[in-house]
Structure formats: C-alpha cells, structure tokens
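Here are a few friendly notes to read alongside the coordinates. Please keep the viewer open as you go through them.

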Amino acid sequence: MTESNAPLVGILMGSDSDWPKIHAAAAALDEFGVPYEAHVMSAHRTPELVRQFATMAAARGVRVILAAAGGAAHLAGVVAAHTSLPVIGIPVATELAGGLDSLLSIVQMPADVPVAAVGVGGGGPRNAGLLAVQILALSNAELQEKLSAFKHSLCEKVQAKEDAFQATLKKRR
Ligand code: RP5
C-alpha cells in the first residue's frame, strides 16, 4: 500500500488466547494491504511494556492502535492514557458474562480519554480493522479508492441475495 512496510496499525491483545477470537481484525487489514504489527501485552501483567509501546507508537509511525482484551479489559484505556493516537478497543468474549464485562470495561472511559469500541465477537473484530482502514484513508487516496470498491461490492452482494430471494418467492407462487 505504501512505499514502506512500517506498521501503520498496532494490534495489541491481553493474551495469546485472544488471537483466535480477534484475528479477523488483522485479516481486514491484510485485505486492504495495510501493514500492521501484533503483540501480546497486558495492562495488568506487563504494564510497563504497555506504557512503552503506547508512548513510542506515534514516533515509530503507527497511526491507529487496536487493543483487544477480555474480562477486566483495561488494555485499550491504559494505551489511550499514554498516547493521542486513536485507540479502538475490541472486547473479547468471556465465560462469565459473554463479553459484556469486557465491553463495559472498554466503553466506560472517563471524559478526556476517548476509546472507540466495536462489538463483542461477530463482526466486531473485523469492524475494528475496517475502522482503522477508514481512519487511515482520510489521508490516503489509494485506500479511499479501495474502500469505495469495497462498499460497491457490498451492494452487489446484497443485490445478488435479493435477486435469489425474489426468485425463490416466485417459485412458491
Ligand atoms: C485478559 O484476560 C486477556 O485479554 C484475556 O482475554 C483474558 C484471559 O487471559 P489468559 O488467562 O487466557 O491469559 O487480560
């Protein structure tokens, strides 16, 4: 996408156990050719590592940070405390409350320290990746074009479904 392969998006997750649940975020970035890095680090288990990453990210060229965590999901908030880059929290589903605990931990930030949040499971992780692409596209014409083509493909897919659905209705009559 760019001349350099330096990561524009940093994906952080509280545990390696999160990766299978959130890798759709990375897949969305791959789809648009956006370079990213992904790391396991925890707001609670490795707080100093998180601080260092968040503090240095902008200077290293990272433009958006995705932070996935489950349960007491403080990773996105702690990252946002240390950077003015946009931070998107990805709540990971838990056994205790299906991920509602994770979601609330991410969205209930105090004023002045914003964190965006996507849904738990389903399209949530993919949407986090797409939202990062949309943020980057604000200053990248190539990404804007790819996003326009993507939106167009969504219309075509739904139209194909509508056509097939109407055909099945006709057969029933
Ligand atoms: C959180 O605790 C992680 O983000 C993960 O969702 C959850 C469980 O972590 P593990 O016990 O699997 O390492 O911090």
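1. A word on terms before the strands: two strands are said to pair if DSSP finds at least two bridges between them. Please also bear in mind that this is a predicted model.

2. With that in hand, take β3 (64–70). Strands β1 and β3 pair in the parallel sense, with five bridges; G10 has I65 in β3 as its bridge partner. A parallel pairing also joins β3 to β4 (residues 87–92), here over six bridges, and A68 stands opposite I90 in β4. Have a look at how covered β3 is, too: six of its seven residues are buried.

3. Next, helix α2, which spans residues 47–57. Its buried residues include V50, F53, A54 and A57. They lie on the same side of α2, because the arc they cover around the axis is only 95°. Which elements cover these buried residues of α2? Among them are the strands β1 (9–13), β2 (36–40) and β3, together with helix α3 (75–81).

4. Finally, do look at helices α1 (residues 19–31) and α5 (residues 124–137), whose axes come within 6 Å and cross at roughly 30°. The crossing is right-handed. On the α1 side the contact is made by K21, I22, A24, A25, A28, L29 and E31; α5 contributes P125, R126, G129, L130, A132 and V133.

Conventions:
Residues are numbered from 1 along each chain as its sequence is written. This is a predicted model: local features need pLDDT of at least 70, side-chain atom pairs count only at pLDDT 80 or more; totals for chains, interfaces and linings use all residues. Side-chain values use heavy atoms; hydrogens and water are left out. Axes are lines fitted to C-alpha atoms, for helices over the stretch in contact, and angles run from 0 to 180 degrees between N-to-C directions. Helices (H or I, at least four residues) and strands (E, at least two) are DSSP runs, numbered from the N terminus. A crossing is left-handed if the near helix is turned anticlockwise from the far one by less than a right angle, and right-handed if clockwise. Contact means heavy atoms within 4.5 Å. Buried means under 20% relative accessible area, exposed over 50%, partly exposed in between (1.4 Å probe, protein chains only). The arc is that of the directions from the helix axis to the C-beta atoms.
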